[in-house]
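Thanks for coming. Please have the sequence and the structure in view while I talk.

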Amino acid sequence: MKFIAFSVRDDERPYFEQFEQKNDVKVTLVADALTKDTMHQAKGYDAIIALQTGQYPDELYGFMAEEGIKSLAIRNVGTDNLNLDLAKEKGIIVTNVPAYSPAAIAEFSVTQLMQLLRNIPTFNHKIAQRDFRWAPNIARELNEMTVGIIGTGRIGRAAMQIYQGFGAKVIAYDPYHAKDLEEQGIYVDTLQALYQQADVITLHMPGSKHDTHMIDADAFAMMKDGVYIVNTARGALIDTKALIAAIKSGKVAGAVLDTYEGETPLFNHDWSNKPVQDTTFNELLALDQVLMTPHIAFYTTTAVKNMVTIACDSAKSVVTTGDAPTRQN
Ligand code: NAD
Ligand code: COI
């Protein structure tokens, strides 16, 4: 059996090698992303293992069907950049890794929020300038706040437990209610109710096309003054221009952003020696109230090992049985 893996980083190589050793599978590792120009490298392989935040090309599915490659195994959670209808039509079985480490993302999102709440970026800057004064950077306490979680799946639930550990009041919105959370009275009925009650709003839902710019100027208008926004889900869920305006007006006190709607050409690339032309992104980065990271919430040793291993296991299952593995997680 022969697989080809795209967008492979050095930190993933040991886990691919471990998979090869434990299984009778040869995996060819390629640093390039999977595009319509690179997909032809997959000719002659049984499965494609991929990872990227940009759109997978529509041509990919027809190419795979023609070449008899049935398995497209992505080694991450989100499937928002795939054309799943077209994949189905072409008989391609797409698998993801639904739970490589929900805790990794949840821990990161709460850590970043705490940094903003306690003004740590500002104090880091002041310390570097030898300014050791306290004022005016007095903080608010998380235990006195209401945290609104949008999406109570694996990551949202993990975040919920951490927030509850801090003593915060947690409310949540999700169109699908989990019975145990419903019994605890966690859910509000509408997004509007969550916007009106929450001091912190944290997104843990998929980036489906239907929810693009769900958080727009109208949504911000419904929120409390001085609200904090946390987005480790998908950049397109937030209308970035509306967010910038809401920060500038003081409606939003701070934003933790690990994702950005135009992130694909920027994140995990070195832009230190060239100007970024995306003016919205530059405006966002210039705001003190924004704590931006380049989509690293997932980036832990545990997560990376699971992403590689589970994606390869899924591809092997599709190639040998013709079907995706059934998982309980
Ligand atoms: P999940 O499938 O376990 O949970 C998603 C939840 O969102 C579900 O309960 C679903 O019912 C809910 N949902 C769907 N549409 C909604 C809507 N319109 N409003 C409110 N809730 C809605 O997924 P997860 O593992 O918790 O991951 C959530 C998202 O986090 C992923 O889809 C991905 O986009 C993102 N993610 C980011 C990183 C990162 O490194 N930053 C890593 C992994 C996942
Ligand atoms: C995901 O798993 O959905 C992520 O956002 C991680 C990223 C490396 C694609």
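Start with Asp 211: an N or O atom in its side chain sits 3.2 Å from a nitrogen atom of ligand 1. Bear in mind that this is a predicted model. Thr 232 also contributes, through a polar backbone atom 2.9 Å from a ligand nitrogen. At His 295, the distance from a nitrogen of ligand 1 to a side-chain N or O atom is 3.5 Å. On its own, ligand 1 has 870 Å² of accessible area, and the protein covers 86% of that.

What surrounds ligand 1? There are 25 residues, and the closest are Arg 154, Ile 155, Asp 174, Thr 232 and Asp 258. By type, the shell holds 14 nonpolar residues, 6 polar and 5 charged.

Now the sheet. Six strands make up an open sheet with parallel pairing, in the order β7-β6-β8-β9-β10-β11. Which strands stand at the edges? They are β7, residues 169-173, and β11, residues 290-292; each has a single partner strand, so one side of each has no neighbour in the sheet. From one strand to the next, the twist averages 15°.

Take the β11 end. Strand β10, residues 252-257, runs parallel to β11 and is joined to it by 3 bridges. In this pair, Ala 255 is opposite Val 290 of β11.

Helices pack on the sheet too. Helix α6, residues 154-165, touches β6, β7 and β8, and its direction makes about 170° with that of β6. Helix α10, residues 240-249, touches β10 and β11, at about 140° to the direction of β10.

Methods
Residues numbered from 1 in each chain as written. Chains lettered and ligands numbered in written order. Predicted model: local features only at pLDDT ≥ 70, side-chain atom pairs only at ≥ 80, totals over all residues. Heavy atoms only, no water. Near = heavy atom within 4 Å. Polar contact = N/O pair within 3.5 Å; in protein donor to acceptor, adjacent residues only side chain to side chain. Areas by Shrake-Rupley, 256 points an atom, 1.4 Å probe, with all protein chains shown as cover. Nonpolar A, V, L, I, M, F, W, Y, C, P; charged D, E, K, R; others polar. Pairing = 2+ DSSP bridges. Helix = DSSP H or I, 4+ residues; strand = E, 2+ residues; numbered from the N terminus. Axes fitted to C-alpha atoms, helices over the stretch in contact; angles between N-to-C directions. Contact = heavy atoms within 4.5 Å.
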